Amino acid sequence: MALNFRFAVASDLHIAVPNTIAEQAHRFHLVEVSIPAFEVVLENLSKLDIDFLLLPGDLTQDGELENHTWLSKKLATLPYPVYVVPGNHDVPTKFTNDYSIGLADFPSYYHHCGFDYQERLYYTKQILPGVRIIGLNSNQFDSSGKQEYTGGLEAEQLDWLKQVLTTTKEELVMVMIHHNVIEHLPDQSNNSLGRRYILENRLALLDILQSAGVKLIFTGHLHVQDIAEYQGIYEITTGSLVTYPHPYRIIDFTTDSSGQQSLKIESHRVNSLPNFPNLSDISRNWLGDRSFRFMFKLLTNPPVSLSPEKAEKLAPSLRYFWADIAGGDAVFNFPEFPPHARQYFESFSAANSIDNNATLLLQ
């Protein structure tokens with residue numbers, strides 16, 4: 001079957017209606033722009049002939065009932081299907097409390113976004129002839145209902161996935177999950193700061209997907225623009241609409257006359273809003289103003305392990321380091337750093353400059 005379709009991806013919306021926005025001095029998320037930025041994206045998508053929209057989690061600021069309700073109603077008005085998965089911010093605790101919905105509540109808000117069977121936190125659906133989406137839940141909780149630091153898939157969900165994939169041999173399968181499955185940062189799965197963004201049992205999932213010939217994974221969580229590859233499987237992670245550079249993606253899947261399938265990825269940005277005419281500059285500086293503590297940890301923690309005194313001197317040079325990683329396709333040069341620190345930070349440079357715009361050939 002010659003597949004040709006177009007879709008969009010917007011991630012980590014962190015929707016926050018005004019009365020739910022809390023003042024926190026060090027928060028990285030510019031949630032004040034969550035609704036107007038999403039409205040701009042939807043307005044731009046209305047001018048395109050897209051077949052569906054993917055939202056890979058962190059739909060709301062912190063799982064507030066009001067925010068889930070607002071988004072659920074908004075998505076129901078769109079002229080194309082939308083598919084979602086829960087992020088860590090959508091269900092911060094397993095059980096409902098005064099501040100947020102519980103894990104079991106999530107599907108009922110998004111029954112029109114993939115969750116037809118509302119007793120389960122994951123789903124599969126044929127979304128076009130020959131095209132199937134599989135949405136997974138990567139949130140983990142301890143026995144008291146507190147959310148775990150890292151994401152993971154329980155054995156029951158993995159068994160379900162294996163069973164589903166036995167029936168999809170003739171279909172193109174796209175997997176959506178909030179936590180990263182393939183590393184997007186150097187040694188991400190072993191770094192104390194990067195580990196929280198990656199799936200704990202990612203290798204088990206990759207083995208299942210590879211055995212079934214699945215080649216496409218869509219994720220969020222990390223708030224960066226990046227495309228990573230692992231043994232023929234591509235993971236496209238999309239940055240957040242509430243942090244620099246406020247990106248979203250338009251993707252064309254095509255099959256040429258020889259049967260070659262490809263994915264043409266274009267990235268777009270929300271650069272200005274009525275109350276934030278210079279949104280890009282504002283949000284880049286917003287991250288820069290809050291970067292010191294994070295960069296100090298990177299400098300003093302392994303593998304760099306500089307002294308606090310040395311780290312304090314170098315941290316200002318990294319003011320825009322995370323913003324540039326988030327933007328994608330960045331190339332770094334820190335000649336003034338000690339050799340091992342220079343090597344580490346320069347290793348974050350994009351290898352092939354394909355984070356934002358690329359054409360992937362699916363073998």
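In this predicted model, Glu 171 touches Gln 126, Gly 130 and Arg 132, with residues up to four places away in sequence left out of the count and a contact taken as heavy atoms within 4.5 Å. Glu 171 is found in the loop between α4 and β6, where helices (H or I, at least four residues) and strands (E, at least two) are DSSP runs numbered from the N terminus. Glu 171 is buried, with a relative accessible area of 18%, on a scale in which buried means under 20% relative accessible area, exposed over 50% and partly exposed in between, for a 1.4 Å probe and protein chains only. Between Glu 171 and His 26 there are 145 residues in sequence and 45 Å in space, C-alpha to C-alpha.

Residues are numbered from 1 along each chain as its sequence is written, and side-chain values use heavy atoms, with hydrogens and water left out. Because the model is predicted, local features need pLDDT of at least 70 and side-chain atom pairs count only at pLDDT 80 or more, whereas totals for chains, interfaces and linings use all residues.

As to the overall fold, the secondary structure of the protein comes to 10 helices and 12 strands. The radius of gyration of the protein is 20 Å, close to the 21 Å that the globule rule gives for 363 residues, so the protein is as compact as a globular protein of that length; the radius is taken over C-alpha atoms, and the rule is 2.2 Å times the number of residues to the power 0.38. Along the principal axes, the C-alpha atoms fill a box of roughly 60 × 50 × 45 Å. Buried residues make up 56% of the 363 residues, and of the contacts between residues at least 6 apart in sequence, 67% join residues at least 24 apart. The protein exposes about 15,700 Å², of which carbon and sulfur atoms supply 49%, the areas coming from the Shrake-Rupley method with a 1.4 Å probe and, for residues, with only the protein chains shown as cover.

Helix α4 (residues 155–165) has as its buried residues Gln 157, Leu 158, Trp 160, Leu 161, Val 164 and Leu 165. These cover an arc of only 160° around the axis, which puts them on the same side of α4, the arc being that of the directions from the helix axis to the C-beta atoms. On the other side of α4, Ala 155, Glu 156 and Gln 163 are exposed. The cover over the buried residues of α4 includes β4 (123–128), β5 (131–135), β6 (172–176) and α5 (202–211).

In α5, the residues Arg 202, Leu 205, Leu 206, Ile 208 and Leu 209 are buried. They too span an arc of only 160° around the axis, which places them on the same side of α5. The buried residues of α5 pack against α4 and β6, and also against β7 (216–219), β8 (226–230) and β9 (233–237). Just after α5, Gly 213 takes a positive phi of about 75°.

Toward the end of the numbering given here, helix α10 (residues 339–346) has Ala 341, Tyr 344 and Phe 345 buried. Seen down the axis of α10, its buried residues fall within an arc of 90°, so they line one face of the helix. The face turned away from this buried side carries the exposed residues Pro 339 and Gln 343, while the buried residues of α10 pack against α7 (292–300) and α9 (321–327).

Several loops hold backbone geometry of note. Most residues other than glycine have a negative phi, and most peptide bonds are trans. A cis peptide bond joins Tyr 244 and Pro 245, with omega about 5°, and Pro 245 is found in the loop between β9 and β10 (247–255). In that loop also lies His 246, which is not a glycine but has a positive phi of about 55°, and which is buried with a relative accessible area of 0%. The peptide bond from Pro 302 to Pro 303 is likewise cis, with omega near 5°, and Pro 303 has its place in the loop between α7 and α8 (308–314). Gln 231, found in the loop between β8 and β9, has a positive phi of about 45° although it is not a glycine; Gln 231 is exposed, with a relative accessible area of 52%.
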